[in-house]
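Here are some questions and answers for working through a predicted model.

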Amino acid sequence: MNLFCVGLSHHSANVETRERFAGDAETECSLRKSGCAEALILTTCNRVEVYGASEKRVSTEEIARCLARKIDQYDPSHASAFYRYEEVQCVQHLFRVASGIDSMVVGETEVFGQTKKAYEGARACGAAGPKLHRLFQRAFRVAKQVRSRTQITRGAVSVGSVTVDLAQRIFGDLSVRKVLVLGAGENSERTARALVSRGVTDLRVSNRSGERAEELAQLVGGVAIPFDQWREQCRQIDILITSTSSDAPLLKPEDLAPVLDDRIDRPLFIIDIAVPRDVDPRVNEMEGVYLYDIDSLQSVADQSLALRRQQVAAAETIIAEHVEDFRNKFLDEGSGVLRQKAQEGSPINDASLRASEL
Amino acid sequence: MDRHLLVLSTICYLAAVLRLVVALRARIFPRGRFNFFAIGLGFIFQTAFLSVRGHELHRCPLTNLFEVLIFLGWSVALIYMLIGPAYRLSLMGAFTAPLVFLIQAFALLAPIDVRHPVKLPVNSWLEFHASMSIVAYGAFALACVAGVMYLVQERQLKTHQMRSIFYHLPPLTDLFAAITRLLWLGFALYTLGLASGFFVGEPLPRIQVICAVGVWLLYAAILQGRHLRRLAPRRVAALCIIGFSAALTLLWGISFSAQLHSLP
């Protein structure tokens with residue numbers, strides 16, 4: 001029995017090509033008709049892949065044809081964008097995909113859920129049998145180990161999530177923190193929503209236009225504060241998000257100094273996402289103040305991504321161990337072909353799948 | 001026999017340190033569980049050592065610098081196990097294990113396990129004073145460790161340069177809360193130890209008393225500054241390191257001078 005993976009991803013094809021292909025339960029059925037004993041389709045934003053087990057080789061072109069969204073628009077030249085992994089390479093590829101190593105954003109965990117969902121769907125409709133069951137169960141185990149033993153998922157890699165991550169690194173529990181949003185633009189709203197999603201309940205909004213402030217306050221479940229009172233609010237708040245269209249800095253060290261005297265043991269986290277900046281950079285030199293502008297947030301995101309990339313080698317080691325073990329247990333020596341098991345040919349049911357779980 | 005127990009204990013702490021070094025080289029921070037168990041096992045062997053030595057001496061084993069250092073290591077491990085999990089400061093173990101390992105390795109390697117030529121009479125107040133003061137030093141040591149963690153985290157947040165340790169350190173506000181509690185705990189125990197020193201019934205060297213009161217005043221000033229909100233958390237963290245260095249110097253001075261006085 002041959003184990004294979006045929007697909008295309010952001011590594012091999014541009015979005016224009018990728019969007020021409022997709023797969024569903026019907027595709028799995030047509031794949032089985034074309035000779036696959038077992039077939040599973042994994043579709044994410046950046047990849048469409050078929051994992052299959054077959055007695056005879058099913059050509060890449062045939063699989064590409066099955067995956068085409070509109071068969072009449074299928075162009076055979078697109079088949080060249082597809083990659084194909086057989087046996088051990090297929091096992092290794094799936095382990096890398098499930099662990100997030102092969103993703104566009106290294107270490108993202110969404111692909112794990114998508115893989116699980118794809119497996120459950122295929123299993124429910126009977127397209128995935130004992131071979132793919134063994135393979136995918138092991139892939140989930142590998143992904144969990146990679147996540148827990150390495151730092152591949154550590155750190156936020158987008159500006160929005162960096163803001164929330166930093167706030168949690170400073171304050172821990174955000175539910176008791178007070179946040180002031182200065183400026184009621186789209187960026188302010190997005191950042192405020194991200195903080196609310198992590199438990200912030202005390203949110204104040206201030207804007208030159210009081211009407212817009214009220215509007216945003218209602219949207220994010222906060223209260224509007226008159227614009228001439230926002231500096232006074234700095235005595236109480238823990239987090240300040242500024243994103244106004246002001247040409248000159250609104251907050252300078254001399255404005256903040258009297259406020260800080262009253263809050264020496266409470267840190268103040270300032271997120272300045274305005275361009276030009278609303279807060280004088282010298283504010284970051286003040287005791288207990290942590291100022292991040294859009295560039296420094298991007299820099300933290302880049303550092304997290306670099307940290308994740310450094311973890312790839314550690315993750316690859318874990319994967320290699322599992323690939324070797326899987327090969328020894330389930331693939332025949334030399335040929336690497338999936339070993340025939342006693343239960344092969346028996347009906348696929350939950351009990352038999354559980355028995356073959358790793 | 002008793003030294004074998006100590007060697008076993010030191011090996012446990014060394015295991016925690018080695019694991020940390022290996023993990024750091026692989027740019028991975030170990031999970032706190034291993035550290036906690038390694039320190040826990042090391043603590044059990046330390047306790048067994050102190051118990052054996054205590055039975056042998058028929059008193060609290062604080063008769064020379066060697067025993068004082070082991071008692072200090074034991075106190076640090078004890079406070080860590082009480083405070084660490086309570087405040088979810090699991091990474092503190094990664095900082096605590098090297099500290100205890102260094103203290104014990106020095107105690108084992110240096111020729112400081114000198115037995116008193118004459119058997120000293122047991123003085124309960126003196127034993128209470130010494131043991132309470134050293135357990136207080138254990139709390140101050142952990143406040144110092146938390147202070148180092150705070151300064152590392154604060155520096156990264158200020159400079160926007162995040163290293164992998166950043167994602168493992170507790171939030172700044174949690175660390176500062178832990179520092180404050182450790183300082184209060186240490187200060188309360190140290191006050192108790194210092195006060196009991198006045199009931200010893202023997203004249204203590206004036207310089208020791210002045211230094212001990214000096215350390216007490218230093219910690220009192222830190223706590224007062226914190227309480228009145230005159231000291232920023234970063235300064236409190238830095239003062240914890242200075243305070244513990246002063247306390248350690250005093251401890252060494254007291255043990256050294258006590259050993260000199262006991263020589264025939």
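A polar contact is a pair of N or O atoms within 3.5 Å; within protein, one of the two must be able to donate a hydrogen and the other to accept it, and residues adjacent in sequence count only if both atoms are side-chain atoms.

Q: How many residue pairs are in polar contact between chain B and chain A, and which element gives the largest share of the side of chain B that touches chain A?
A: With both residues required to be at pLDDT 80 or more, the count between chain B and chain A is 15 residue pairs in polar contact. On the side of chain B that touches chain A, the elements that give two or more residues are α5 (124-159), α6 (172-197) and α8 (233-262) of chain B. The largest share of that side, 6 residues, is given by α5(B).

Q: How do the residues of the side of chain B that touches chain A divide into nonpolar, polar and charged?
A: The contact takes 35 residues from chain A and 32 residues from chain B. On the side of chain B that touches chain A, the residues divide into 16 nonpolar, 7 polar and 9 charged.

Q: Which three residues supply 29% of the area that chain B buries against chain A?
A: Between chain B and chain A the buried area is about 2,600 Å², and carbon and sulfur atoms give 50% of this area. Of the area that chain B buries against chain A, 29% is supplied by three residues, more than by any other three, and these are B:Lys158, B:His160 and B:Tyr167.

Q: Which residue of chain B meets A:Glu287 in a salt bridge?
A: The rule finds 31 salt bridges over all chains, and across the interface of chain B and chain A it finds 4 salt bridges. In the salt bridge of A:Glu287, the N to O distance is 3.7 Å, and the side chain it meets is that of B:Arg235.

Q: Why are A:Arg65 and A:Glu61 separated by about one helical turn?
A: The side chains of A:Arg65 and A:Glu61 meet in a salt bridge, at 3.5 Å from N to O. Both belong to helix α3 (residues 60-67) of chain A, and they are separated by about one helical turn because they are 4 residues apart.

Q: Which residue of β4(A) stands opposite A:Gly7?
A: Strand β1 (residues 2-9) of chain A runs antiparallel to β4(A), and 4 bridges join the two. Within β4(A), the residue that stands opposite A:Gly7 is A:Tyr83.

Q: What is the bridge partner of A:Ser206 in β7(A)?
A: A second open sheet of chain A has 6 strands in the order β7-β6-β5-β8-β9-β10, with parallel pairing. Here β7 (223-225) stands at an edge with a single partner strand, so one side of β7(A) is left without a neighbour in the sheet. Strand β6 (residues 202-206) of chain A is joined to β7(A) by 3 bridges, and in β7(A) the bridge partner of A:Ser206 is A:Ile225.

Methods
Residues are numbered from 1 along each chain as its sequence is written. Chains are lettered from A and ligands numbered from 1 in the order in which they are written. This is a predicted model: local features need pLDDT of at least 70, side-chain atom pairs count only at pLDDT 80 or more; totals for chains, interfaces and linings use all residues. Side-chain values use heavy atoms; hydrogens and water are left out. Contact means heavy atoms within 4.5 Å. Buried area is the accessible area (1.4 Å probe) that two parts lose on being put together, summed over both. Ala, Val, Leu, Ile, Met, Phe, Trp, Tyr, Cys and Pro count as nonpolar, Asp, Glu, Lys and Arg as charged, and the others, Gly among them, as polar. Two strands pair if DSSP finds at least two bridges between them.
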